[in-house]
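Thank you for making time this morning.

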Amino acid sequence: MTMRSLIMGVVGIVYLIASHFVAKTVAYVLSRVSNKKDTPESLKWSTAIHVMKSFMYWIIMCIAITILFLSIGIDGAAVITILGSVLLAIGLGMQGTLSDMAAGIMLMMSNAFSMGHYIEVFDDARDGVNGTVKQFNILYTTLLDDNSGVSFIVPNRILHSNALKNHSTSKTPIVVDVVTISNKNVSIAKALENLRVDVQKQARVLKEPKVTTNVSDITAKGTNIEVRYPLSTDDYYTSGTRNIQNVIKTLIRESLINSGVKLIVRD
């Protein structure tokens, strides 16, 4: 090994380390820009930034490695051939990862959701998953279940290829509660009206749109009563002891019982 080769090797290592820190600094600056404000618009910007900083890091590192090869005398055509072979091998061996990357870009461009949004994914092959978006990058999205505190790491291709409901973009979330009553009740019209009035009286139930109560289905086991009522976004996602939905579930059953309706416990 000649002195020149040794010097070039040391310079190359220093150059790669410096490029690494430059790439990390760029990613850090982008993160700081995206975290200055906590508004819906800044959350959308934050989603794009998380993807952008991942791209910027690897772009800077690829450029650094290419310049390093050229500086130590490796032919440019050989560098391109090597990089092409590596990319081909990566493409064949990481098809799922590349699908996640493409899905991440499409999700960012479509503004399907942003950091802090509460989303629900309908996956036919699984039971589905829902939660608050806590992290979004080019490969996967992290959702936090507010009730259990469990985090779900969901590949972006799952989010992009399945139906996705963004509850945070709804102006007025509507809660749908279903209770089953006995078919032996002669008339339930009065009971339904009393139930509608009782739910509408709740202070945290919004005045518009109006609360509705109706028969949704009649089966051999009983009659299903569907109650729809509007809540504010904060109340809709509040869990624990302040969860108004649990209070109204109890109210619905008490109102029907007070009207002389026999309830049936569903399986």
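This is a predicted model: local features need pLDDT of at least 70, side-chain atom pairs count only at pLDDT 80 or more; totals for chains, interfaces and linings use all residues.

Let me begin with a question: what percentage of the 267 residues of the protein count as buried? The figure is 33%, where buried means under 20% relative accessible area, exposed means over 50%, and partly exposed covers what lies in between, computed with a 1.4 Å probe and protein chains only.

Residues are numbered from 1 along each chain as its sequence is written, and side-chain values use heavy atoms, with hydrogens and water left out.

Now the overall picture. The protein has eight helices and nine strands, these being DSSP runs numbered from the N terminus, with helices taken as H or I over at least four residues and strands as E over at least two. The protein exposes about 16,300 Å², of which carbon and sulfur atoms supply 62%; the areas come from the Shrake-Rupley method with a 1.4 Å probe, and for residues only the protein chains shown count as cover. If we take contacts between residues at least 6 apart in sequence, 62% of them join residues at least 24 apart, a contact being heavy atoms within 4.5 Å.

Let me turn to the sheet. Four strands form an open sheet in the order β7-β8-β6-β9, with antiparallel pairing, and two strands are said to pair if DSSP finds at least two bridges between them. The edges are taken by β7 (212–218) and β9 (263–264), each of which has a single partner strand, so one side of each is left without a neighbour in the sheet. Strand β6, residues 174–181, pairs with β9 over two bridges, and there isoleucine 181 has leucine 263 as its bridge partner. Between β6 and β8 there are eight bridges, again antiparallel, and valine 175 stands opposite tyrosine 229 in β8.

What lies across β6, β8 and β9? It is helix α8, residues 244–258, which runs at about 35° to β6; here axes are lines fitted to C-alpha atoms, for helices over the stretch in contact, and angles run from 0 to 180 degrees between N-to-C directions.

That brings me to the charged pairs. Five salt bridges are found in a search of the whole structure, the criterion being a side-chain nitrogen of Lys or Arg within 4 Å of a carboxyl oxygen of Asp or Glu. One of them joins aspartate 177 and lysine 249, at 3.4 Å from N to O. Aspartate 177 belongs to strand β6 and lysine 249 to helix α8, so this pair ties together parts that are 72 residues apart in sequence. Aspartate 177 is buried at 6% relative accessibility, whereas lysine 249, at 34%, is partly exposed.

A second pair is glutamate 193 with arginine 196, whose closest N and O atoms are 2.9 Å apart. These two residues are separated by about one helical turn, because they sit three residues apart in helix α6. Glutamate 193 is partly exposed at 35%, and arginine 196 is partly exposed at 25%.

Arginine 228 also forms a salt bridge, with glutamate 226, at 3.0 Å between the closest N and O atoms. Here arginine 228 is partly exposed at 36%, while glutamate 226 counts as buried at 16%.

Finally, helix α2, residues 40–71, which contains isoleucine 67. Together with Phe55, Ile59 and Ile63, Ile67 forms a nonpolar patch on the surface, with about 340 Å² of accessible area in total. Patches are made of residues with over 30% relative accessible area and no salt bridge, joining like charges within 9 Å and nonpolar side chains (Val, Leu, Ile, Met, Phe, Trp, Tyr) within 5 Å. Isoleucine 67 itself is partly exposed at 41%. Methionine 61 is also found in helix α2, but methionine 61 is buried, at 12% relative accessibility.
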